[in-house]
Every structure is written in C-alpha cells, then in structure tokens.
Amino acid sequence: MRHTMRALSLWALAALTLGVVACDDSIEGTSFPEIQATPNRVVLTPVPIGQQTSSVVALRNVGGSELIITEIAFTNATNDLEFSKNHAALPIRLGADEIAELTVTFTPRDSVLGEGGVYVRSNDRDTPELLIPITTTNAQTGLTVEPAALQLVAEAVGSPVEGSVTLTNIGLVPVTVLDVFLTEETPRDFEPAEDTAARPTLNQDQSAQFTVRYTPRDATPDRGTLVLLTDDPQYPRIEVPLTGLLPRPAIQVEPGQVNFGAVDQGSETEPTVLTVTNVGSAPLTLERIEFAFAAPPINDQYRLVDLPELPVTLAPDSGDFVQVGVVYAPQVDGRHRTAISFVSNDPVSGIYTVPVDGRVRRPCISVRPAEVSFGRVALGQESARQQLQVANCGDMPLEISAIAIDNMQFSWANEGGGQQAAQVIDPLSAVNLEVWYANAGLAQGDLDEGTLTISNNTPDNPELAVPLSVVGGGAPTCDLIVLPNRVDFGLVSRGSNRTRTLQVVNRGTGECQIRTEVIAPVIPIPGIPPVFFLTRPAGARRAAPGEFIDFDVTYSPRFFSADAATYTVTYFDPFQNLEKMATATVQGVSGESNIEVIPSRLDFGAVTAGECASRDERITVYNTGIVDLCIRDVNFEGACDEFFLVERPRADADGCIIVSRNQPADFIFNYEPGALGEDECEVIFVSDAADNPNLRVPLRGEGVADSRQTDEFVQTSGRTVDVLFVVDNSGSMSEEQRNLRDNFADFIGGAQQFQNDYQLGIVTTDMDNPNQSGKLQGPRIMRRGPNVEAVFQDTVEVGTNGAGEEHGLEAAQRALSDPLAFDTGIACQGDGDCMDPDVCVEGFCGGHNRGFLRDDAALEIVFVSDEDDYSPGTLNFFVDFFKNIKGFRNEGLFRASAIVGANNGRAASCESNDGAADPGRRYVEVADRTNGEVYSICDANFGASLREIGNRAFGLPVQFFLTRPAVPESVDVAVNGVPRNMGWIYDEPSNSVVFDEATVPAPNDRIVVNYNTQCFPRRN
C-alpha cells in the first residue's frame, strides 16, 4: 500500500552537547575563514509524537578573515516532514569570532528512529562543506544545557560580569537537580550567584537557570568548570566549561612550525613565509622578530628575510597581517633545531615561538637486532643462521666497505650466499646478512663471544659493532615443538580466508631433520572437504639448534560449523636414531555474527617512506544484533610498528566502547612507513560478542621512495558486469514496474553494443515474505542471450502484494551476503547432499543466489521505488557494506543508482499521471556516495534514465580512479602517448580523472596519468 503517513510513534529531539567553547587564546584561527559548529553532532532525545522541540547549533568563525555561509541544507537522508531549520538570511557573513545560530526543529510523526544531517557550505577552504549529523535515540530521559560552555568578558580588572546557563528537561521523566558547584580547580575570580542554591525538580519542558559571576583580579584569562549533578541516569553529571577574560590582543603565526627536511650542505632553500595575524579583541603590537637562543652555530644556519619595519600594530578584525621569510643555508654538518620568536603585547603569548628544524643530507646506518645470541650449541654442531638487517636510515647512499668478525668460530654471509662486503644501500633501503656459529671445541656451559664490525661512510658510526655470543651445549639433542601449540582463528565468514603464522622451533642443542608435515581434521567426515590448509609449509629441511621456522595455516570455511584440525610435523632425531612428531591444534568457527567490521581489510596503498603519512582511514564496527556490544580493547598483532590508531570512540566508566545497532564505532588509523617495502599486520577488536570476541582486520601499506606517481589504464571494450535490480513490490508500484518492463531495451542496449558479459538479477523490497527477503526472483540469474529481454520483462513485474514497509537496502544487502550468495563449489543432486543453510542450486551446494556475484565482475545496483527505504540499519552501514564487496580501493567496480522520488538528482516528492512518490532520501544518499545516478520515478518514460544507467554500466568507463591521493594542479594525462590538455577534469573528492563524453578514450587505448602525491604530515 501507499504510505502518505506512518501511524507509529517516535520520541525524539534536542541535543545535549557539552563541547568546549574555547577561550580567546584557543580561538586563534588562521588568516583564512574557518567554520566551527557547536555542537558538531545533534543527538535527538524523545518528545511525544506531534510535539516539537528545537536544538541550536552555533556556527562560529574561528578564522581570521570573513566567513561567508552560502548554503544550509538538509542531506537527502533527512526527512523534511519531521525536521525543519531556521537561520538568518543567506548569505551569512561572519567576522572573526562571530556566531550565527542554526535552529533545528524536530516534530516526530512516527516511531521510526530518524537520522540525517545538515550541510553548511561556506568559503572555508579546508571544510567548504561541513556536515552536522543528526541522530535520534529511544531514551525516555533527556536534558539540554545552553550554552554548552559559558564565556564571560569583563570590561576591566575588578569589574564584575554575570552569565547564566539554562538546564531544560526535554525527556518524559522528571529530573531533580541534586547539586550545583564550581570545581576546586576553578579560580576564585568565578563565584556562583545566589540563585544557584536552588535544587529544582524539572518536569517535561521545564527549565532552571544557574548564574555565575566573574570578577577578574588581573589581565590573565581564567578557566573553570560549573558542575550540575542530577538524578537523570543518562546525564548524572553535567560539566559546563567557564572562560573569563578581558579584551586582549592574541597573536597567531602560520605555519606553526617549519621543517626544511634534508638539505645538501652548502646549498640554500627557498624562503618559507610565516604570516602573523591578530585573532584577539584588542590591538596587537608586534615588537620584535628574532631567532630564539640556541647554541652556536645553530642559528648561523638560518637567515630571516623580508623583515618588516617594527614595531607594527595590527587592529583586531581588520584582516591585517605581517609576513617574514626564513631560509635554511646549512654550512656545517648535522641537525639544526632552533625557533623564531615573535615578541608582542599579547598578555598570554608575549613571546610566541615557531620551531624550525633542518638537517644536512647524510647517510645513516642501523642494524637489527643490535646484538645476536645463539643460545646453546652442542659440540660439533652448527647453530641456526640468524638474520641481521642492515638499513640506511639517512638521505644519501650508505657505502659499506668491509664486514669482519674477530672470532673465526662465527661466520657471516650475504642473504642467499657468498660474502660481498662492499656494497651501496640506497636511502630507506636495507640488505640482510646471515650470521652463525660452528662449535668446534666449546665445552658445555662455556661462553664464547665475538664482534661483527661493519665499516661504512657514516660520519657518526663508521665502525658499527654487533656483539655475538653463544654458550656450549654439551652432548647434542634434537627436540622440535610447535608454537603456539593451540591456535584459535575465531569466527571467520564463509567465503573468506584467514591465515595465521606458526613456528616449528628446535629447542635442542643439535640438529634435527624435518621430514613430513600434514594437517588433518580432528574428526574426519566423509564427503566433507578440508577447511584448514598448509599454505606455506616449513618444508623438509635441516632445523639447526635454536632455529625458528615459520609456516602458515589458512582457515577457509565452507559451512556454518565449528572446525578443528591437527598439524603434525614428523622429524628425525639423529642422536637417538628415532623418528619423532610434534603437533599443534588449530580451530575456528564459521557462522553469522552480530558484530561486523567494515572494511574487512584496510589497504593504505603506497606512501612516501620517511617523509609522509597516509591519509587517515576509517574502520567501523557495526552491531547488526539487538543487544548492545562492548569493545574492551584494540590490539595490534604482527609487524605493526608503522601502523597507528589515531582516533577512537571514548569508553565509558567501565572501559567499554558501546556499539549499538544505531550507533556504530569508528576507529581512525594511519600508516607512516619508515622504510621501503610492504608492511602488514592485524588489528584486533576485543569485544564481549559471544560468537566473535576477537575481530581481526588485516592492515597493509607500502613505503615507496618517489612522491611522483604514474598510473596506467587500458580502456576496456566491454566490462564484465553483475546488475541487481531492487524493485518495490508494494501496492502502488504496478505502473512503475510496467514502465521498467517497457523500457528495458534502452537499458540493455549498451551491453548489446559492447558485447558485455553480464548477469541480471531482480529482488523485491519485501523482507517479510520468506520466498523473497533478498532472494533472486523468476529464473534467478538472467545471462546474455537472445531471449534475455523477454525473460527480464516477464520477471520485473514482481507484483504489488509486497510488505507495506519497503526495505530495499536490506534486500540488496541480504541478496549479496552469506548465506544467500555463498557458493560451496560442492556438487550435489538434491538438498539432502548439502549442509544447512545451503541447498542444491543448479547442481552445486550454496545459497539461493549462488553464482550471481562474480569476483571478476563489476557490480551495479538499481533501486526502483516510489517511497523511501525503511530498512533497519544506518546508511553508513549499507554504503560501507556495498563498497566492501569489491574492496574500498576498487571504487570503479561498484555503483548504485536510484529511480525514486527525486528532482534534478536530489530527493524530492513528485507526482505523475501514475500517482505520487515520497522523497527517496536514503536511496539517493547511497547513490550519491557510490558515484551513482539519480532519476525521478515520476518520469512518464524510464527510457532515458535506463539508457544512461545502462551506458554507465556497460559502456566505456569515463572515470579512472588514481592509486594515491594527488596534488590537483600536478595531474597530467596522456592517451596513447599523446598529452591531453583538455577534455577531462580531476575530481578531488573521488581522486579520479573523469573524461568528457566526447573525449572518452576508445577501446584498448592506453591512458597514463602522472601526478605528484599528497604528503600528509607524520604525527607519530
């Protein structure tokens, strides 16, 4: 049936945000406009259906020049029937530290949890489009405090000023204020007014005001905290930051630090320009600019240029600035750290310093490990070979002239054999050496030592010494063990692989001989193929005393089950003339989990080693169940020194990061390679999820030397494509389904022209009917052939008896997920040959949609509905899920498009002769965030819309995604070796080159894109 209104109930509104509004010296912006929203997220707590309440967002200019707000608009996912906004007429112009208010009003019409956001577009160059998310909760209590932080500006020392905060109960349950006080750290300049002695009980919509008086005793800014204690379990303690100050100047210098990096001795850099501005409220007088004190000859390596005439006065809010340049011209070797001092009348930062750093380009040597112990080695035995990594940690080639050991019982060789001492190691590169010990006469318990010396051209360490040691082991023994002895892979999704590294260790004092290895199920089941595989065996080989030998076991489950296997290594002990065995148990579980992490693998790509960090990347933990989950810890496992967790949600008092169905947890990571080559490790999310307490995500990145990147593409002549149509089958959709049927030829025309290998599938938006619920309808998969048009036309009219509440996003997610999409690859003749939940589909065990989703194919989803989506789950979850299917770095392989209630690509109500349509906000948002197209379902003829979708799906690609973030102005494009200066644009948000339709390269054309890569600052 058609929904014009949903007669359910929703409690919502009003955000309690206790963010800190900074005092003057923390509102020191730049000379450019900079927008700040307080709160930066609106969290809506309940009000009865039909009632309304409002939340105010303060939009503040924390920059140094005029901020111009040109547009304030809800996102497509925001229901404008329930949410409204109010603000000053556009454009809004804000000077430094000026505030404009944005009021968001909420009037719930039903019980569905709402979500959305407000875009604020301005001339802020770093954040031209600020998104303020809006979410709702199910809580029955709620408090707001306005303002969230209180700033008091007195006219003069000793002159009092008062300010108040208002506490409002926007919940349904009465709340009592238990106490009001200032913290002990709050200066005596602040004092509560008499009315703070009141301890009121607030019913719904009632408010109480609490006043603070500020009397400054000197010109120094003061900070404190007002505390409100309540009996509201959600907000038992509310802290309101207090700031008190006098009008004062405030100096700001950009950039805040200068790092020249490595420079050749005797050369001179281009000047780095520093800009001084006044971000305060009184005139700033800049008196001197000079180098800070540093031991000679540090400051002699730098020079200030273009010094202005001083003193100079900068008026507040004037946009005036002063600039000075600094040059690095190193004449002596070493690293040179100093600072530039800016002396002014700023009472807080009277001497404002900017750190300056530079170094002379030079080689550097490091060795890992710094010393080697061979443990115990028996008489007449040779130790395991230990590896030494010799790395160049500098900026110039490292020249090794000699390698020597002062004890002939120790030996060394290059990795792979031979002794080539003289060699050159490039910056950020490394070579490996092997060292070992042969016991020709060392008695049991005696110590032998030596030193390996590497002669090189570094000025600091020209003779690098590596201590070597060993202990005599007496009579030789052979004893192999496997570490760890028990490995739990945890819960692993079907269709994915998880690999763990184990080690065979010889803890004896003599040599062993590995002969065979095998991994076998603990309980073999006839007809069931193995799920554990020895993907990198230790191999038949000698195991020297003390040697650790790596091997890999991979778990690749095909069924929902608990699995276990035993790894057995057979070896020969020559000293006892016996064949022995060592074992380890591996186990894992496959099934559906209520906790999911996206992306399932995070690849940072290539990053310039030693100089740059990657851009920050997000991993989100979603709860797809009903009960809240607790993430207790985040751990790294493996060689993870160059991966960093830079931001995580705040834990509660019990140390839990709570993950609910409507509130996922975002974790931000970055990668800072220090050397060339690939780096891999795993991050582990430890939670109380009963089925998957240790959620593992592999991390990968590669350190490269060059910041100039070349990407090459070959234009295809017709892609392999899987296309899923999600068709609304509610009561009002008969005309739209007929429109799809009648215009399908326009969609498939591109595939016929380019001879694509394609598959088509159709699902409905009905998730109540078990025969639908994400299952492909009709003949399941429609493939290229003479009758495909007729088959599609027969299938796409899926009827109008579907569930009244459309779950299109959930239907697509279910259609492309395990168990429906899983393929075991096991032949069958009937369902009885398969293990639940799999069935026999076209001769193989798997889900109903087995075979639709192909690894080598692009994926297109087309949503067709005259109403919005009401799937349970956040938009972020569905977008992340769809992108994760092909991988987050394969953006060109997935796209979602929508034929919904829309106008000019934006969600909107519309009408046609076939009826009316509600705005398809969630579908439009998914399409926008996956580079898809949006069309109106009210169009009388879908032919043009389907033709455009088909041309993008099947036609020549026009968009080519770059492998590294590019500096926009550096991008150069050539086709077949000929530079293209026109006919394309670089799209920075998607990091891609997009060709005009008229200039798209032809099939098999070679496209080469050269560009400079962005260098994100290192923080760790």
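A disulfide here is a pair of cysteine sulfur atoms within 2.5 Å. I kept that cut-off for every entry below.

**Ground rules.** The model is predicted, so I noted that local features need pLDDT of at least 70, that side-chain atom pairs count only at pLDDT 80 or more, and that totals for chains, interfaces and linings use all residues. Residues are numbered from 1 along each chain as its sequence is written, and side-chain values use heavy atoms, with hydrogens and water left out.

**Whole structure.** I searched the whole structure and found eight disulfides.

**Cys 640 and Cys 681.** I looked up this pair and found a disulfide with an S to S distance of 2.3 Å. The torsion about its S-S bond is 125°, and the link is right-handed. I then placed the two ends: Cys 640 is in the loop between β49 (629-638) and β50 (643-647), while Cys 681 is in strand β53 (residues 677-687). The pair links distant parts of the chain, 41 residues apart. For the element names, helices (H or I, at least four residues) and strands (E, at least two) are DSSP runs, numbered from the N terminus. For exposure, buried means under 20% relative accessible area, exposed means over 50%, and partly exposed lies in between (1.4 Å probe, protein chains only). Cys 640 is buried at 9% relative accessibility, and Cys 681 is buried at 7%.

**Cys 364 and Cys 393.** I found these two joined by a disulfide, S to S 1.8 Å. The link is left-handed, with -60° about the S-S bond. Cys 364 lies in the loop between β27 (351-360) and β28 (365-368), and Cys 393 lies in the loop between β30 (386-392) and β31 (398-405), so the pair ties together parts that are 29 residues apart in sequence.

**Cys 612 and Cys 1015.** I recorded a disulfide here with S to S 1.9 Å. This disulfide is left-handed because the torsion about its S-S bond is about -110°. Which parts of the chain does the pair of Cys 612 and Cys 1015 tie together? Cys 612 lies in the loop between β47 (602-608) and β48 (617-623), and Cys 1015 lies in the segment after β74 (1006-1012), so the tied parts are 403 residues apart in sequence. Cys 612 is buried, with a relative accessible area of 5%, whereas Cys 1015 is partly exposed at 46%.
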